[in-house]
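Hello,

Here is the structure I promised to pass on to you. Please open it beside this email and follow along.

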Amino acid sequence: MKKKLLALLAGTVVLTGVLAGCGNSGKTETPADTTGAGKTEAAAQTAEKEEPVEMETITVWSDNAHEQEIREKQIADFNNGEGKELGIQIDYKIYGDKYSDTIKIAAQAGEAPDLFRADSKWMQDFVDNGFLTPIEDLPGSEALLEQYKDLVANQSNVFNGKTYTLPYNLTTYGFVINKDLFAKAGLTEADYPTTWDEVRAVAAKITEASEGKAYGLGLSSTLWTISSFYTMPAGQNTGHYGYDWNAKKFDYSAFNPMIKAIDEMVADGSVFPGFETLDGDGVRAQFAAGNIGMIGAASFDCAVYTTQFPAVCDWEVIDIPKFSADQVTYKRFGNPTNLLCVGTKAMEHPEKVLKVLEFFYSDENAAEMYENGLYIPVRSQAVEMAEKTPELKGWEAFATFDEIFAMPPVPDTLITVEGTTYREAIANIWSNAALDDVDAIMADVDQRYNAALDKADQAVVALYTLKDGVTAEKSK
């Protein structure tokens, strides 16, 4: 008996309307063309003997509306070209903000499409309830899986040893500087900071030279900025972003060198004042207005500083600051997003579903998405294939990498932590104008997180490991 997945949704939606058109097998027969001026009689006779091509419709659902125009063009080209040769017609549907409910209801009713956009929020439930087909079950999938073997992660792509979805695009991280404020402080490209100690020194110079009109570093009290702008990027210095998969322990104390340096900048008066009340948009707006010298950033900030808050200053993306000049650094960290997973309906025509899955994940299509500034592909080969770089300022810096560590999930969703979260603790440290005992505070954070982890189901915790062959360490 299948597990109860969404009882609260049962009986609330009429499936006939939601699923209209998705249950059609789409099988038709298209005979080979035996007409046309100038054909020889021999050629016509040969064509008449050819077996008709059995056309089958492969259904695909997504809610990625932002890519719809380009994706539909790619699909039309496929349907009119390779698809005809293979006997495949892709039927692609885009759903709005009710997509999650729609796909859950469809899966329960056995009416889910062949392929559909994967969502980490329900992947485990779909696997447990038998709503998905492992990619390994599609004959001939070995080559596709080989391309992604170093990029997939347990509990995100791989469940119970089988691969159910693949990463497609990334959010990457950097450090953004205001070149105008650097110049005003007498700083040149040679002074771009490479360590957090250098960030502190440069922040003080920018603040002093600005005479109260601008400050060296930008912070926000909004918790997501602490992780997206500072702790996640710092994974390049620690080899993880808060959970050590090898030790199977939380280790937020690994970020102490950075936390201390920023705490000292607050005490120095080098941080934009009032950040305790600034949200993420607020601090980015201040940077765009030319009032902040340096700030952590993610790849989505290219659009922020170009369209949302057009920057009046000349800005540049530089490398993530190190904790020390001589430290070991790891691969560049990128937060992956998955594209499609395979429904059970796919087993009616697995070979053709695989061809469609390969089409969606092709480097050629990903390169076109990159060229239009929609995605940073998880595969560097797709970036290299692109014929042009998007015009968004800073995009190339965020998208250029030799090796990427596609950040796997961590077991923080399995636990209930007593007291402050790690981000709240860091926010409290930085909000205090006086220097804090960072070592003691973060040791307490680690202790509380790991105590909570000890209470979790250890069989589930054990699933959060790096897949064989996947490592944050750079290639030798």
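Which residues of α5 are buried? They are Tyr 99, Thr 102, Ile 103, Lys 104, Ile 105, Ala 106 and Ala 107. Buried means under 20% relative accessible area, while exposed means over 50% and partly exposed lies in between (1.4 Å probe, protein chains only). Helix α5 covers residues 99-108 and is mostly covered, with seven of its ten residues buried. Helices (H or I, at least four residues) and strands (E, at least two) are DSSP runs, numbered from the N terminus. After α5 comes Gly 110, which has a positive phi near 70°.

Two notes on how to read all this. This is a predicted model, where local features need pLDDT of at least 70 and side-chain atom pairs count only at pLDDT 80 or more, while totals for chains, interfaces and linings use all residues. Residues are numbered from 1 along each chain as its sequence is written, and side-chain values use heavy atoms, with hydrogens and water left out.

Now the rings. Rings of Phe, Tyr and Trp (its six-membered ring) pair if their centres lie within 6.5 Å; planes under 30 degrees apart count as stacked, over 60 as edge-to-face and the rest as tilted. The count by this rule is 33 aromatic pairs. In one of them, Tyr 230 and Trp 430 have ring centres 5.8 Å apart and planes at 85°, so they are edge-to-face. Tyr 230 belongs to helix α10 (residues 223-231) and Trp 430 to helix α19 (residues 422-431), so this pair ties together parts that are 200 residues apart in sequence. Tyr 230 is buried at 4% relative accessibility, and Trp 430 is buried at 1%. Phe 359 and Phe 360 also form an edge-to-face pair, because their centres are 5.3 Å apart and their planes stand at 80°. Both Phe 359 and Phe 360 are buried.

Ring pairs also link up a cluster, whose members include Tyr 241, Tyr 243, Trp 245 and Phe 250. Elsewhere, Arg 379 lies over the face of Tyr 148, at 5.8 Å from the ring centre; for this, NZ of Lys or CZ of Arg must be within 6 Å of the ring centre and within 35 degrees of the ring normal.

Among the cysteines, Cys 313 is buried at 8% relative accessibility, and Cys 341 is buried at 0%.
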